[in-house]
Amino acid sequence: MKRIILFIIAAVITLSASAKLKYIFYFIGDGMGPNQVLAAEMYRAEMEGRIGRVPTLMSQFTVSGELSTFSASNGITDSSAAGTALATGTKTNNGTLGLSATGDTLSSIAEYLQSQGWGIGIMTSVAIDHATPGAFYGNDIKRSHYYAIGKQLTQTEFDFFGGAGFHHPQGKKDDKAHNLYDLAEQAGYTIVRSYDEAQRHLNDRRLIMIQPGDSAKVHSDNIGYAIDHIASNSTLKQIVQTSIPFLMNKYDRFFMMVEGGMIDYACHSNDGRTAIEEVWAMDEALQEAYNFYLQHPNETLILVTADHETGGMALGNSDYTLNLQVLQHQQCSQSVLTERFQQLYQDSTLTPSWEQVSQVWKDNLGFWNAVSINADEESQLREAYNTQDAEKMAATGVEILNRQAKLGWTSHAHTAHAVPLFAIGVGAELLGGWHDNSEVVPLIRQCLAKPKKCRR
Ligand SMILES: [Zn+2]
């Protein structure tokens, strides 16, 4: 018995000494507070007919903690200030990307690792020049300068970008030479617009993986919500699935930032079910990283966190009950529901009747069928109908369903709530506990500098 214990101790010491960080996965759930994760887990348990959690992969990691997220200019951060803190270790003002509060140009962990010979992949479910991905390569006084940030992307020499295309690919109107897709191609990037196409270019020098609908003429925003199942588009999981072999074909070490960018969008709309499915979509993408970790446990660090919480999501809004399972009757996101109301109005020569509009709520939210509607709720719906405003009709329906699920929302914007942090792998234990978002990069660098101190 003694011998076995000694053998285990020796094995652990050998393992610790040989652990060298070569692969970093940095997952960021945009807008993902602790309750967004817990709601996703408790919803699935309710769907299994029980009270409790179906744990996400992230919440099963060996190390967990929380991050404060305030920016240099406010207690509540925006995505660019939070992204800058998470990417560079320095806080800045809301709205600023990759520059300090006093205007100094900051360098991200991705840029640092690139200079050390690492392969770099940046991927997201929103546009590749959005604030969170942008914080890993961009520097601009305004995050909304999408063209300038997109142009910086084309100059990064990073190996892989995935997500939706550029927000403003055209830049100067009618000036073909300045089109960002042209600039990217000139910089050695192959642009692919589907998962299948990407698989044929895994040996190309550099890759930008976007969606079939993304073009020089269309302003791209996102890959679509998981709940809406847009079959033509790649999922975040497929993007991660592509980037791993792409980087492994070229490098013996790599850094990947993966953003679940649409949790935030759903929470801005206070659309609980859509947010829940976005958390699960990021967790499915995380499974790809975890599978890689299982093959390279002594060389890989996976970190999952968020830039801020959005919506002030609360699990409970009135009494001692939670009724998340009612959300199962929601068939699409609030934004697609808005489009369905718009479609009804476009297709009708006369103003659609109350019955016609009710049918849309019935078909997409289960109202008057699986979901009973009381007199107060019906009058709220009639009020929305009277505005003839598609957005209002969709939002009112989703609001009623969320209220019935007992989900509370304090805001349509961001909050200063702490965000969760989960980690596994080489150096993960350094990240446990309560930290500020500006401490993550210094902790990763500490681990890179002193690999012997990073135990598995
Ligand atoms: Zn954000």
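## Two helices packed together

Helices α12 and α13 are roughly antiparallel to each other, therefore their crossing angle is over 145 degrees. On that scale, angles under 35 degrees count as roughly parallel, 65 to 115 as roughly perpendicular and the rest as oblique. The axes of α12 (residues 334-347) and α13 (residues 354-365) come within 11 Å and cross at roughly 150°. Axes are lines fitted to C-alpha atoms, for helices over the stretch in contact, and angles run from 0 to 180 degrees between N-to-C directions. The crossing of α12 and α13 is right-handed: the near helix is turned clockwise from the far one by less than a right angle.

From α12, L337, R340, F341 and L344 meet Q356, V357, V360 and N364 of α13. Contact here is C-beta atoms, placed from the backbone, within 7 Å. By class, this contact of α12 with α13 has five nonpolar, two polar and one charged residues. Ala, Val, Leu, Ile, Met, Phe, Trp, Tyr, Cys and Pro count as nonpolar, Asp, Glu, Lys and Arg as charged, and the others, Gly among them, as polar.

## Basis of the model

The model is predicted: local features need pLDDT of at least 70, side-chain atom pairs count only at pLDDT 80 or more, and totals for chains, interfaces and linings use all residues. Residues are numbered from 1 along each chain as its sequence is written. Helices (H or I, at least four residues) and strands (E, at least two) are DSSP runs, numbered from the N terminus.

## The sheet

An open sheet of 10 strands runs in the order β5-β6-β4-β3-β7-β1-β8-β13-β2-β14. Its pairing is mixed. Strands pair if DSSP finds at least two bridges between them. At the edges are β5 (189-192) and β14 (433-436), each pairing on one side only. The twist averages 15° from one strand to the next.

β5 pairs with β6 (residues 206-209) in the parallel sense, over four bridges. There, I191 stands opposite I208 in β6.

## Two positive phi values

Most residues other than glycine have a negative phi. E157 has a phi near 65°. E157 sits in the loop between α6 (146-154) and β4 (160-164). E157 counts as partly exposed because it has 14 C-beta neighbours inside 10 Å. The cut-offs are 20 or more for buried, 12 or fewer for exposed, and partly exposed in between.

K406 is not a glycine either, yet its phi is positive, about 75°. K406 lies in the loop between α15 (390-405) and β11 (407-408). With 19 other C-beta atoms within 10 Å, K406 is partly exposed.

How values were computed:
Two residues are in contact if their C-beta atoms, placed from the backbone, lie within 7 Å.
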